[in-house]
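Please read these notes with the model open beside you.

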Amino acid sequence: MLLIITSEHDHSTLMVIDWLNHFDLPWIRINEKDVIEVSFHNDDIEFRSPSFSFLLSDLKAVWYRRGFLNFKLYITKLIDIDEFKKIELEKLREYIYYKLAQLPHINRFKNADVNKLIVTETARSVGLTTPQEYLVSTKTYLNEILESKETDFATKSISGYGIIPSDFVNYNILTKKINSTEKTPQKFFPSLVQHYIEKRYELRIFYMHRKFWAMAIFSQNDDTTAVDFRNYNDKKPNRNVPFTVPIHIQQKIIALMEKLDLNCGSIDMIVTPQLEFIFLEVNPVGQYGMVSRPCNYYLHRELALHLKQLSHE
Amino acid sequence: MSNGKTKKEIEDRLEKTKDILPLILHDAHITEIKKTATVTGKQISAPKYRTASISISNYLKHVTRFPHE
């Protein structure tokens with residue numbers, strides 16, 4: 001049986017499940033909202049919730065899509081004791097993730113939340129070109145950077161967030177150009193500043209176990225999407241076409257993914273007017289329906305087939 | 001409103017606290033979410049949720065869409 005760890009609203013999980021049913025691969029799905037209890041029997045672990053119960057030994061493969069395992073914690077209302085129990089539970093959770101990662105898998109919890117700064121350094125170490133970037137927290141340093149090169153600069157969130165949602169307002173924090181520092185205070189929270197790269201087109205690449213499915217996004221000619229394609233123009237969507245990643249770039253991406261210990265993820269790159277390939281980021285739990293549909297890649301089917309292979313069914 | 005504050009109050013607050021904000025939040029574009037959608041039509045009940053070897057995607061496909069999908 002295949003275990004799927006995901007979140008309740010992930011649409012791609014449902015699409016893959018449709019294909020798993022088609023291929024007759026038995027599966028069990030745990031959403032992060034499902035509260036589960038575990039018990040241990042010799043070398044085995046039993047997972048229980050009101051709607052399912054299974055043993056670790058029942059599992060042949062794991063697909064970590066996103067989310068986390070939400071274990072039930074009974075509290076005593078003695079704060080110190082409950083804090084201690086939380087620490088114990090955390091170690092148990094770690095152990096269970098470790099046991100799950102020993103099964104054939106697509107991604108795992110431990111590596112799902114990558115650090116953009118570390119990924120960029122690692123990408124450079126395998127020979128990928130990345131935008132020159134700086135961490136800046138003073139206006140003096142920012143001005144020095146802006147005056148040092150005859151190029152534009154942009155700022156983006158370190159976490160990769162494009163929006164901060166709340167109940168009544170959305171804070172748009174997509175990549176934006178830095179035009180002036182006139183109103184910038186002397187000191188501010190450490191911020192990521194990058195050379196702004198002119199695009200011929202952007203690439204969104206879905207990577208899984210050394211295979212590539214890529215899409216070119218012609219976002220440069222639209223003012224709405226020129227700086228960040230996630231600032232979608234719904235009235236006139238960007239043109240998206242299938243794209244073959246050159247072998248020498250594929251080799252570097254494989255090296256990067258292996259260094260990061262990731263076997264699946266969505267990679268963003270820019271191709272410059274001079275046809276240079278610039279690596280931006282990798283998101284192990286990124287969406288791929290947006291690549292699958294315009295390019296007819298049937299990625300949900302590919303994922304299901306791969307999960308079937310991993311399960312030896 | 002967010003945390004009991006209006007859009008204008010949030011913008012003012014962001015302006016006053018620039019020295020502790022990352023650059024991406026300086027002059028950030030804030031949009032108010034207008035909840036204008038009204039529910040029409042007949043209420044239907046969702047199929048019972050199950051977590052093993054049954055898909056509810058065919059149902060969900062008709063009622064919702066998610067970002068990037």
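1. Helices (H or I, at least four residues) and strands (E, at least two) are DSSP runs, numbered from the N terminus. This is a predicted model, in which local features need pLDDT of at least 70, side-chain atom pairs count only at pLDDT 80 or more, and totals for chains, interfaces and linings use all residues. Residues are numbered from 1 along each chain as its sequence is written, while chains are lettered from A and ligands numbered from 1 in the order in which they are written.

2. Just after α7(A), A:His312 has a positive phi of about 55 degrees. The helix itself, residues 299-310 of chain A, has 12 residues. From first C-alpha to last, α7(A) reaches 16 Å, close to the 16 Å expected at 1.5 Å a residue (the expected span is 1.5 Å times one less than the number of residues).

3. Which residues of α7(A) are buried? They are A:Leu299, A:His300, A:Leu303, A:Ala304, A:His306 and A:Leu307. Buried means that 20 or more other C-beta atoms, placed from the backbone, lie within 10 Å of the residue's own. Seen down the axis of α7(A), these residues fall within an arc of 165 degrees, so they line one face of the helix. The arc is that of the directions from the helix axis to the C-beta atoms.

4. An open sheet of three strands has the order β11(A)-β12(A)-β1(B), with antiparallel pairing; two strands pair if DSSP finds at least two bridges between them. At the edges are β11 (163-165) of chain A and β1 (29-32) of chain B, each pairing on one side only. From one strand to the next the twist averages 20 degrees (axes are lines fitted to C-alpha atoms, for helices over the stretch in contact, and angles run from 0 to 180 degrees between N-to-C directions).

5. Three bridges link β11(A) with β12 (residues 169-172) of chain A, and A:Ile163 has A:Asn172 as its bridge partner. Across the chain boundary, four bridges join β12(A) to β1(B). There A:Asn172 stands opposite B:His29.

6. How many residues does each chain bring to the contact? Chain A brings 37 and chain B brings 30, where contact means C-beta atoms, placed from the backbone, within 7 Å. On the side of chain A that touches chain B, α1(A) gives the most, with six residues.

7. Helix α1 (residues 7-16) of chain B lies across β12 of chain A together with β1 of chain B, and runs at about 165 degrees to β1(B).

Definitions and conventions:
Buried ≥ 20, exposed ≤ 12 C-beta atoms within 10 Å, placed from the backbone. Contact = placed C-beta atoms within 7 Å.
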